[in-house]
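Notebook open, model loaded. I'm jotting things down in the order I looked them up.

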Amino acid sequence: MAKLKSQIAAEASAPITSARAKARKPTWRPAYSRAEVSEIFRRFSVQRPEPKGELEHVNPFTLLVAVVLSAQATDAGVNKATRALFAAADTPEKMRALGEAKVGELIRTIGLWRNKAKNVIALSEALIRDHGGEVPGDRDLLVALPGVGRKTANVVLNMAFGQPTMAVDTHIFRIGNRIKLAPGKTPDEVEDKLVRIIPADYMRHAHHWLILHGRYVCKARKPDCWRCVIADICKSPEKTTDIPAPLVPLDELDEALSLDQ
Ligand code: SF4
């Protein structure tokens, strides 16, 4: 039956539903082909077969606390403080028993320590109260915890639970935009695009490969393109060479480069 005029007018003026908004969203055309993206991550996997995060921890709880403490702080600075903290408390129960004042004292060298000490205690209490003292392996449950945002949850899901998540930090955000791999105005946008283009086989370690590449090679101020194994594939206007660095596990590469100097 044909639609009534009033029905058509009502539909046209209705708020945009998520399906309609999605349909109107311009489609993103990746700058790299599937083969190129796959080759980028294949090379990262040769260079660093078993990449590890640099935040020290002994179990999922201490990992969660370390990530919460790392906001606006360096991993090295966090590690310095958490060695004593985790020696004193490596479970939510022990952390709660330690108390906010003592936690604050132990993490005083980390920026925003007062607020972070409060969060660590609130986090420990919530884990005891709602999860039997265990860290949940679920994003919605993690982000409901005090002081835990999407990025923290993604790091914990990836490192403690082996889930193929992408926690976009400052390095990954820069690389996504600089080399046009996953351009975006927000970390969520970059995350969404990276998750869409990275082959499933590489997702488990992609987060660490990108962070380490950003920290040691594709650096913020000036990228060390001469040390970059994807220099021939990279589409950044900032790159200074098309010749990729030798593709060998990183320790060997470092040795080779130091011999050249
Ligand atoms: S070639 Fe240079 S800009 Fe491109 S990814 Fe490598 S270090 Fe970064």
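What share of the 261 residues in the protein chain is buried? I got 33%, taking a residue as buried if 20 or more other C-beta atoms lie within 10 Å of its own, exposed if 12 or fewer, and partly exposed in between, with C-beta atoms placed from the backbone.

Ground rules before going on. I'm working with a predicted model, where local features need pLDDT of at least 70, side-chain atom pairs count only at pLDDT 80 or more, and totals for chains, interfaces and linings use all residues. Residues are numbered from 1 along each chain as its sequence is written.

Fold. I found 14 helices and zero strands in the protein chain. Helices (H or I, at least four residues) and strands (E, at least two) are DSSP runs, numbered from the N terminus. I also checked contacts, meaning pairs whose C-beta atoms, placed from the backbone, lie within 7 Å. Of those between residues at least 6 apart in sequence, 54% join residues at least 24 apart.

Helix H13. I picked out residues 200-216, a 17-residue helix. H13 reaches 25 Å from first C-alpha to last, close to the expected 24 Å, where the expected span is 1.5 Å times one less than the number of residues. I noted a bend of about 55° at Ala206; that is the angle between axes fitted to the seven residues ending there and the seven starting there. Ala206 is also on the list of buried residues in H13, which runs from His205 through His207, His208, Trp209, Leu210, Ile211, Leu212 and His213 to Gly214. What do the buried residues of H13 pack against? I see helix H3 (34-47), helix H10 (150-161) and helix H11 (170-178).

Leu112 isn't a glycine, yet its phi is positive, about 60°. I located Leu112 in the loop between helix H7 (100-106) and helix H8 (113-131). Leu112 counts as partly exposed because it has 13 C-beta neighbours inside 10 Å. Lys180, not a glycine either, has a positive phi of about 65°. I found Lys180 in the loop between H11 and helix H12 (187-197), and with 15 C-beta neighbours inside 10 Å, Lys180 is partly exposed.

Notes
Two residues are in contact if their C-beta atoms, placed from the backbone, lie within 7 Å.
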